[in-house]
Amino acid sequence: PQLRVALLVAMSSQDVNASAVVAVERVPTGPVLLGSSSAGSVVDAGCKDAKPEDQALSRAGTMISRAGTAMQRAGSNLKLQRASTLPTDNKELRHAATMPMTFDIEAERPCCCGLWKLQQMIGFFVGIVSLVALVVIRPVQTYPSANDMLGITALCACFWVFEVVPVYMTALFPVVLMPLFKITSSEIAAQAYWNWISLLVVGMFLVDIALEEVHLPRRLALKFLLKVGVVHPAALLACFMAMCWVLSMFLNSIAVTLVITPFAIGLLNAADEQVRDADAAEAVESGEVGERGSGSSNHGRRKNVKDVQKFSDGLLLGIAFSATCGGMATLTGAIPHYFLAGEANIAAHVTWSKWFVFALPVSLVSVMLAFGALCTRYVKSMKFRGITHETLEAEYNDLLNEVGTFSRDELLVGLIQITQVVLLIIRPFAISPFVTTKYDENLVNDATLACAPALLLFFLPSQVRPGQALLTWPAVHEKFDFGLLLLIGGSLAINSGFTQSGLDIAMGSAFAQLVPHLPTFVLNLAIVACVTLSVQIFSGIGIAAALLPVISSASLEAVVNPLLLLLPATIASSFAFLFPTATPSNVVVLAKSQDLARSLRFRDFFLNGLPITVVIIIVGALLTDIMGSLVFDSHSPFPKWACTAEAASCVFVQAPGVVQGQQVEAQACIVDLSSEDATMCRLWNGTMLNLTLVQRVF
C-alpha cells in the first residue's frame, strides 16, 4: 500500500521533475523529494538499517527519481525547455539565448558519441539528404546553378532550425560551399559578411554594453518605483513591462532581460520575505505561536505566500514578453530586422525612423495584449497588496553599496544613448540630404550615425574607474556577441547566392502566380500566420535568415512591391510568445527564474502565450497592412527605387496600364535572364516586352 501511495503521488504530480513529495513515517530523514537527483540517496540514507518493506519503498523512490530524470530529459529533447536545463552565468546565457538547444545542459545526447540530441541528428540527416537530393535530381532546368544554391539553402535552414552546430558556424557554410559549387567566387561571398549592417550592429551594441556596465537602467527603475511608493501588483507589472518595452526599443533584448530580470527577482524574493514576516507578526499578535492555529488562518497565510509565487511567474513572463514587443518597434531592436535592412533592393528605403513609425503601433498593441493577458491571469483576485516602500529602499541601498551614488559615468552614457537615437531619427531629413555627392547620392547611412556616438565612449574618462574610459575593451570583449556578425553575414551571403545562381527567379516564379491575385490583407494574414507559427517551434533568427531572401526574390518575380511581403514577414518573426525557446528574451527569463522559489515551466509560457499569439496574428496582419501602406506605400505597384537597386534584374519602361488596380504611365519590367541576349522582360500582368522596342524611363 505504501508503494502504491508513493507511485500515485508521483504520477499525479503536475511537474515531471522535483515535485512529488512523499512523507514516509518510518524514515527519520523526513519528507523525500522524488524526481530529483538526490531523492534516492536521501531515502537510502534514512533506510540503511530499516526493515525489508522500508528498503523496498526506498528502492521504489530511487526508481521514481530515475524515471523523473528520464522524463525531464525526454521533455527537453522535445524542446520543452525547463529552467534547470539552461546555464545561469550571464556570459554563457548570452549565447544560450540564441542557441538554447546547444546549451541544454541536462538533455540526453545519444547521437554522435554524446555530441547531439535526437532532433539535432534528425536536422543533420534532413539537411544533408536535402542538399544531395537537390544537387542530383536538379528540379530547376532553366538555371542549373539554382539547384546547388537551393540545396545549400536547405542545408543551412535545417542546421539553423535544429541547431545541429552553433548557429554562428552554420552561417559560414555559404562562403565555404558556394565557391565549391561554382555559384560565385570566394571574394564575392565573403563581401556579404562585413558591410554597413555589421557596423550598425557594432555601434548599437557598444552603447548597450556601456549602459549595462554603469547599471543605469536598474537605478532609473528603482528611482521610479520609490517615487510611486507602495506598488500594487498590477502597477508593478505595468512598470516593469513599460520599462522593458521602452529599453528594448533602443537596446538589444538580451541585454535588457539580463539587466532587469535579476533586479526583478531580487524584489520578488524580498516581497516573499515581506509576506512571511507579516504573517509571522500576525501569528504573534493572535497568540498562535507555538500552537497549531486555526485552519482558516493557516490557509490564509499559505495563500499569501502562494500569491507572491504566482505573481512572480506573471512578472517574469511580463519582462520577457515586453522585451520582445519593444524590439519590434525599431530597426535595431531585433536580430531579424538586420536581415531586412540588408536586403539590397530595399536597404536605402527602410530607414530607422520610417521603421519606427511603421512598427510602433504593432509593438504597442502587442505589449498591451500581453499586459492584459498576464494581469487577468495573475493579478485578478490576488490578496497580495504589493511591495512596500521599505522593501524598495532596501533594494536601493543594496544598489548604492554595489555601484555607489549616481555618477558622471551614468550621465554621460545616458546622453550618448539619447544622442545616438536622435541622430538615427533625424538622419533621413536633417543629415543625409546635406551630405551627398555632386550627383545627389547619399553618403551617410545609419551605420555612421550608430558608430559615431559609440566612439565617444572610448574618449571620455571614467569618474568611477580613474585612468580608464567610460567603456573598456575587456568589457566589450566579454559582452559583445561577435558571432551575431557571422549570422547576419551568412543570411546576406545566401541572398547574394540567390542572385548569382538565378534561384531568385526560379523560386519566385511559382509564388508569383499566386501573389498578384490575393487581396493585400489576406496576403498579410497568410504571411504573418505562417511565420508566427514557424517561429514558435523553430528559431526566429533561423526562420528569418532563411525565409526573407526567398520572399524578396518572390516579390521581384511577381513584380510586386517587395515591402508588401517583407514587412509582415519580418515583424511576425517577433511574435514569439508561445514557447520558452521561441525568442532570446524568453530563454534568458526562463534561465534566471531558477533563482526563485519556483522556476518557470513550459506550460507557463504556453498557457499565457496562446491567447496573445492568436490575437496578435489577426491584429498584427491588419496593422502591418495599414501602416505599411501609410508609411512605406507598400500597396503601390513595384516602385522605381526597388528597380534601380543593384540586385534587381528589372528596368522601368514606358508602358501605360493598370497595375494592382492603379493606373500608371510607367512600370517595372522584369528582365528574362534565361534568354541569350536578355532583351525580353515581363510586366506585372504577364505581358512580355522586347526591350529594344520600348522606351525606358531610366
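**Close-up 1. Salt bridges across the predicted model.** A search of the whole structure finds six salt bridges, each defined as a side-chain nitrogen of Lys or Arg within 4 Å of a carboxyl oxygen of Asp or Glu. The model is predicted: local features need pLDDT of at least 70 and side-chain atom pairs count only at pLDDT 80 or more, whereas totals for chains, interfaces and linings use all residues. Residues are numbered from 1 along each chain as its sequence is written, and side-chain values use heavy atoms, with hydrogens and water left out.

**Close-up 2. The salt bridge between glutamate 213 and lysine 479.** The closest N and O atoms of this pair are 2.6 Å apart. Glutamate 213 belongs to helix 10 and lysine 479 to helix 20 (residues 473-479), 266 residues apart; helices are DSSP runs of H or I with at least four residues, and strands are runs of E with at least two, numbered from the N terminus. Glutamate 213 is partly exposed, with a relative accessible area of 30%, while lysine 479 counts as buried at 16% (buried means under 20% relative accessible area, exposed over 50%, partly exposed in between, with a 1.4 Å probe and protein chains only).

Close-up 3. Arginine 219 and glutamate 410 meet through their side chains at 2.7 Å, N to O.

**Close-up 4. The largest nonpolar core, with 165 residues.** Such a core is a set of buried Ala, Val, Leu, Ile, Met, Phe, Trp, Tyr and Cys residues joined through side-chain atoms within 4.5 Å. Helix 10 (residues 196-214) gives the most to this core, with 12 residues. Phe240 is among the residues with the most contacts inside the core. Leaving aside neighbours within four places in sequence, phenylalanine 240 is in contact (heavy atoms within 4.5 Å) with residues including Leu225, Ile260 and Phe263.

**Close-up 5. An open sheet of four strands in the order 3-4-5-6.** The pairing is antiparallel, and two strands pair if DSSP finds at least two bridges between them. Strand 3 and strand 6 (688-690) stand at the edges, each with a single partner strand, so one side of each is left without a neighbour in the sheet. Eight bridges join strand 3 (residues 650-659) to strand 4 (residues 662-671). In the hairpin of these strands, glutamine 660 takes a positive phi near 50 degrees.
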